[in-house]
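This briefing is meant to be read beside the sequence and the structure, and it takes the topics one at a time. Please keep the display that follows in view while working through the points.

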Amino acid sequence: MALQVSESDQIKQFKEFLGTYNKVTENCFMDCVKDFTTRDVKPEESSCSESCLQKYLKMTQRISMRFQEYHIQQNEALAAKAGLLGQPR
């Protein structure tokens, strides 16, 4: 049973990854690619797409860090509240 849950979680995570990947790819493509008269990727399009991806990665990293900080603060607040509630008066 644990193996099935693990596989199910892995499939879910992979689907989420693909959805995110597709969204980032589409957004960066729409922002950066302007000339469809040639098959070649122009240097400005390439640098724009690289900057777009870097910006997205930095944003997700920052959001993740802030979420962790918030989660730690919430846990500390709950622990302090539980400590105060658990003490006899």
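The largest pocket of this predicted model has a volume of about 250 Å³. Helices α1 and α2 each supply at least two residues of the lining of this pocket, and the largest share, 7 residues, comes from α1. The points below begin with that lining and then turn to the disulfides, the salt bridges and a surface patch.

**Largest pocket**

- The residues that line the largest pocket are Phe17, Thr20, Tyr21, Val24, Thr25, Cys28, Phe29, Ser49, Leu53, Tyr56, Leu57 and Thr60.
- Among these lining residues is Cys28, a cysteine that is also part of a disulfide with cysteine 52.

**Disulfides**

- How many disulfides does the structure hold? There are 2, and when the bonded cysteines of the protein chain are numbered in sequence order, the pairing reads 1-4, 2-3.
- Are cysteine 32 and cysteine 48 buried or partly exposed? Cysteine 32 has a relative accessibility of 7% and therefore counts as buried, the cut-off for that class being under 20%, whereas cysteine 48, at 27%, counts as partly exposed.

**Salt bridges**

- Side chains of opposite charge can pair when their charged atoms come close. In this model, the count comes to 2 salt bridges.
- In one of the salt bridges, the side chains of lysine 42 and aspartate 35 meet at 2.7 Å, N to O; lysine 42 is partly exposed, with a relative accessible area of 30%.
- Arginine 66 forms a salt bridge with glutamate 69, and here the closest N and O atoms are 3.1 Å apart.
- Because arginine 66 and glutamate 69 are 3 residues apart in helix α2, about one helical turn separates them.

**Nonpolar surface patch**

- Which residues make the nonpolar surface patch? The patch, of about 430 Å², is made by Phe14, Phe17, Leu18 and Tyr21.
- Phenylalanine 14, one of the residues of this patch, lies in helix α1, which covers residues 2-32.
- Phe17 and Tyr21 belong to the patch, and these two residues are also listed in the lining of the largest pocket.

How values were computed:
Residues are numbered from 1 along each chain as its sequence is written. This is a predicted model: local features need pLDDT of at least 70, side-chain atom pairs count only at pLDDT 80 or more; totals for chains, interfaces and linings use all residues. Side-chain values use heavy atoms; hydrogens and water are left out. Patches are made of residues with over 30% relative accessible area and no salt bridge: like charges are joined within 9 Å, nonpolar side chains (Val, Leu, Ile, Met, Phe, Trp, Tyr) within 5 Å. Accessible areas come from the Shrake-Rupley method with a 1.4 Å probe; for residues, only the protein chains shown count as cover. A salt bridge is a side-chain nitrogen of Lys or Arg within 4 Å of a carboxyl oxygen of Asp or Glu. Helices (H or I, at least four residues) and strands (E, at least two) are DSSP runs, numbered from the N terminus. A disulfide is a pair of cysteine sulfur atoms within 2.5 Å. Buried means under 20% relative accessible area, exposed over 50%, partly exposed in between (1.4 Å probe, protein chains only). On a 1 Å grid over the protein atoms alone, a cavity is a set of points where a 1.4 Å probe fits but cannot get out, and a pocket is an open set with protein on both sides within 12 Å along at least five of seven lines; lining residues have an atom within 4 Å of a point. Grid points are joined across faces, edges and corners, and a volume is the space filled by probe spheres set on the points.
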